[in-house]
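This report looks at how parts of a protein model meet one another. Please have the sequence and the structure at hand while reading.

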Amino acid sequence: MKYGFYPGCSYKSEAGYKESVEAVCRAIGVELRELPDWNCCGATSMISMDAENAHLLTARIFALASKYGFDAVVTTCNACYTALRKTRKILKADAGLLAVINHQLVAEGLGITLLPKVRHLLEVFYQDIDAAAWTGKSPAGIGDIAVAAYYGCQLTRPWGDVDHPERPQMLDEFIKRLGYTVVDHSARTLCCGASHFFPYQDQCRPLVDKIIAEVRRKGAQVVTTLCPLCQLNLDAGQETRKGPPMPVPYFTQLAGLALGLSPVALGLDKLLNPIDTLLRKIR
Amino acid sequence: MIYEKPRIGVYICHCGSNISPKVDVEAVARFAAGLDNVAVSRDYKFMCSNPGQDFIVNDIKQMGLNRVVVASCSPRMHEPTFRKACEKAGISPHYFQMANIREQTSWVTADSAHATQKAKDQVAAAAARVAGHAALTSREVAVQKSILVIGAGIAGIQASLTAAEAGYDVHLVEREPSIGGHMAKFDKTFPTLDCAACIMTPKMVEAAQKENIHLHTWSEVVSVEGFVGNYKVRVRKKPRYVDMEKCTGCGVCQQKCPVKVPSEFDEGLAFRKAVYSPFPQAVPNTPVIDKDHCIYFQKGKCRACEKFCEAAAIDFNQADEFIDIVVGAVIAATGFKAFDPSPLTAYGYGIFPEVYTSLEFERLNNATGPTAGKILMKNGQPPRKVAIVHCVGSRDRHYRKYCSRVCCMYSMKFAHLVREKTGAEVWEFYIDMRSPGKLYEEFYNRVQEEGVHLVRGRVAQITDITDHPEDAGCLTVVAENTLARRVLRVPVDMVILSVGLEPAAGSDAVSRMLGIQRDADGWYNELHAKLAPVKTAASGIFLAGCCQGPKDIPDTVAQASAAAGEAVSLLSRGTVRTLAEISYIDPDRCSGCRICVDMCPYSAISFDDGAGVAVVNDALCQGCGSCAAACPSSAAGIRHFNDGQIMAELEALT
Amino acid sequence: MSAFEPKIIAMVCNWCTYTAADLAGTSRLMYPHNVRIIRLMCTGMLDAKYVLKAFLEGADGVFIGGCHPGDCHYINGNLKAARRIPGIAAILEQFGFSSERLELKWIGASEGPEFQEHITRFVETIRALGPSQAATAMIL
Ligand SMILES: Cc1cc2nc3c(=O)[nH]c(=O)nc-3n(C[C@H](O)[C@H](O)[C@H](O)COP(=O)(O)OP(=O)(O)OC[C@H]3O[C@@H](n4cnc5c(N)ncnc54)[C@H](O)[C@@H]3O)c2cc1C
Ligand code: FES
């Protein structure tokens, strides 16, 4: 299966996201075709400062998809996902704006001929890939690892169409499919502070603490994420004094382990809070 | 019919000084005298007075008038008066027409000349119209002096008792194994806090014992046909698998049955058996076997109940039984169902065990409930802190936009009961406190004085993530105190969701069966919001209780008594008069296209396959004219509003 | 030359607009004298031929008043009327007359002031349109 892929700015620099996405896709037969010459989507912050140019930025990504013939764009980041979907919704409803933007894109020889669907890689893994592809290969011991699925606040909100806005299930179901033990908890969609972490550390640290404390209380050994910013905040922002460090692997890293791939190939050594003790459970 | 040349008398009223002098009444009278078929034309100060009416009566008798026009006030005011005068003088009351020259002319027209001209036109139109009037007759049809009541909550029971007291036969149909409805689940009722069972049980027993109340429990109405005075009703009695004649209600079968099923009556907080009576005071107290859970029905083995039943009342061979009855009137009393808060995941119902719905709490608080009336958490301990969340599902555009009316009051009832029974701290979160009703505001004041924390603010979230380690195991209620402009995070042990009321499941089917309308929220529509609150647009069908909209027990009982009163008043004469101004389809003109059959909102037109024409059922037709306007061959017409009459008016007015 | 005084026929529902007209009277709300009201039991009985007849007989405008949607005494007669109006308007247009000469409004029983307002405005509209030639021009 081939997909147009929009990696977004934080994809390559973070704790093994790129490595694990690539390794798992290769193993499972998913081909992510990176859109050549892609640009920043403006994330969720730009749209509140300068909506017009934010739409232009995002629209350029859609135009690239048109150019290379993709009817869907896959992202691996919640902020990209939201920004892309927001612009898509606005352009879909406002033919006038779409015309203005297309006019601006002409200079580059680009234009949106088809508004591509925006999808998170989790949707692809969970919905498009046959469930059987994930099972069967899991090494023994996987079931002994208790995982809490953390969705972040942007995947399901405000839309509520991919999954329930407050108590989403898709990541839990996917992790379960991989063979892990999933713990039910109440922090799935709590905010981690997102991009406010650096300017407002004092305010954001308690948010991370709350999430980590909750998943720990419910018996989780790791908390898995599907967004580079969430991963960074939860991993780097843990107030270690409050308990043993909690590893924060990407869902793709857990998927790779379940497929029997090597931890190093999945970039698991890059996690700040080490996952090594848990890896020993896998035989 | 012998053609009678119309001889019209025209009477112009001065109405004191209300019509004259704005309208030059003498000029109008002179003008009228020159109109076709007018035999006499007069003006008088007060036509509606006795001497005024006497003019009409005498002229009819002495001058042989056969049509009358009065130009005065609105027909909505005095048409009945003048029709009676015509009748008194020996002509058909329908040989009368009124010109509304007061409300629609003298009072609304600035210029006198214009008003006089308008009045002349109106009189001319009335005279032209009345010439074509026909003497209409309506029929008296005998009615069945019996009443069907659907639903046996407090509304249905009260309505049945009232009608039965008046001597009518009542068929009370309830789909559950016992009568009682929601009220039977309560322990205490606001605002007086009297014991629900103490006031309810005697009524249930009385309903069962009254000779002229025929109780059909574990039954459903499957069809209603016919019209006011004569409804043919078919009731399906579901098999109980227990012989009601033989059963002594000893309860041994329920002890011996090995199957446990969550009890509907206890809102799933306790178990019942596969053979069960929903609650100890059930009426009738004959149990039913729940086929879906009975081992014998599912696997062909067991029969424990049968083995131990000394009365040999168990009968696995029972089948559906259909009962046909004929009734004169129907009272719908299907009540409500409580809103299911599961979709509001932010409130954690179904996720956190200590989040209860209000109905669950009613059972928890009930002396015959799962905890014998002790307010306990699932771990058996009493709560130390309880939150009550108002308006769950109500006043919420995502769910039910209306106010459910009883939740504020029952929430305060809960607050009082929790304080009284456990001494726990109580936090109530409300949007607006609504306590209109006799002794209701007083009850609110009392609860305030009992030290309940009342917070004005809608709850945002209920979560098991706590803010402080010492609150571990608690639920945190997050809400803004909108008066103090502060966000509160209150750790509590137990949360009660005061869920709203919505129409009972299946009330859409009932409304279709009865031919009554439901409003946008699904409640049955009354005929008039203020002046006919228990009647419906279908004559002979009445409403009682929450099926018409959320209400408390006092209002339910009042409405139920009213519904019974209306039904009895309709039937007490023994006959009903059909409307006279209804549709008529000329069989010679009808082309059999059947457009009218689909147009009729009352299903009053049927198609006679033999004759190939559409036929109007006099008893069902309400005279709206949908058929007449749609009929392509002008075969359908409304008596007293037929084409000829309206065309005559149009010609005279233009 | 005196100003053109249009002839208006109003066919209104007994349960709502007729009652509103009575209420306008009781409240002494003045409105143009040009209106002649015909009482129907429901707008659902409004036959297209009544409207055409009114125009053929020399009316300059026809006003229909019924219950608000959902309030019809006979469940949905008003909606049937609402569906019929565009068809009638189309006939008027075919003969070269402005369909503005035919208007349907929902006026509830308690809306005396609304009745006054709608009628006043309608009379002005028709006055502006000038006399209808329908009586002579519509050959059916
Ligand atoms: C939690 C809670 C607490 C309350 N506390 C109070 C209080 O303290 N004081 C007070 O005044 N009010 C209180 N109320 C309101 C009170 O419950 C209602 O006013 C009352 O129950 C209405 O009675 P009803 O007969 O109209 O409806 P219901 O009690 O709902 O009875 C309807 C009956 O009809 C039956 N039925 C439904 N459909 C059919 C069908 N198609 N065929 C046959 N049978 C059918 C049902 O099984 C049921 O038995 C409370 C309500 C709630 C939700
Ligand atoms: S009853 Fe008024 S429009 Fe039908």
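How many salt bridges are counted between chain B and chain A?

## Between the chains

The count between chain B and chain A is 3 salt bridges, a salt bridge being a side-chain nitrogen of Lys or Arg within 4 Å of a carboxyl oxygen of Asp or Glu. A:Arg217 and B:Asp464 form a salt bridge through their side chains, at 3.7 Å from N to O. Between chain B and chain A there are also 5 residue pairs in polar contact, with both residues at pLDDT 80 or more; a polar contact is a pair of N or O atoms within 3.5 Å, where within protein one must be able to donate a hydrogen and the other to accept it, and residues adjacent in sequence count only if both atoms are side-chain atoms.

Chain B gives 10 residues to the contact and chain A gives 10 residues, contact meaning heavy atoms within 4.5 Å. About 810 Å² is buried between chain B and chain A, 50% of it on carbon and sulfur atoms, where buried area is the accessible area (1.4 Å probe) that two parts lose on being put together, summed over both. On the side of chain B, the residues that lose the most area to chain A are B:Thr345, B:Asp464 and B:Ile465, together 57% of what that side buries.

## Basis of the values

This is a predicted model, in which local features need pLDDT of at least 70 and side-chain atom pairs count only at pLDDT 80 or more, while totals for chains, interfaces and linings use all residues. Residues are numbered from 1 along each chain as its sequence is written, chains are lettered from A and ligands numbered from 1 in the order in which they are written, and side-chain values use heavy atoms, with hydrogens and water left out.

## Between the domains of chain A

The domain assignment, which comes from an automatic or database source, divides chain A into domain 1 (2-122) and domain 2 (137-279). Their contact takes 25 residues from domain 1 of chain A and 29 residues from domain 2 of chain A, and the C-alpha centres of the two domains lie 25 Å apart.

Domain 1 of chain A and domain 2 of chain A bury about 2400 Å² between them, with 68% of it on carbon and sulfur atoms. In domain 1 of chain A, the residues losing the most area to domain 2 of chain A are A:Ala15, A:Asn78 and A:Leu122, together 29% of what that side buries. Across this interface the rule finds 2 salt bridges; A:Asp161 forms a salt bridge with A:Arg85, with the closest N and O atoms 2.4 Å apart.
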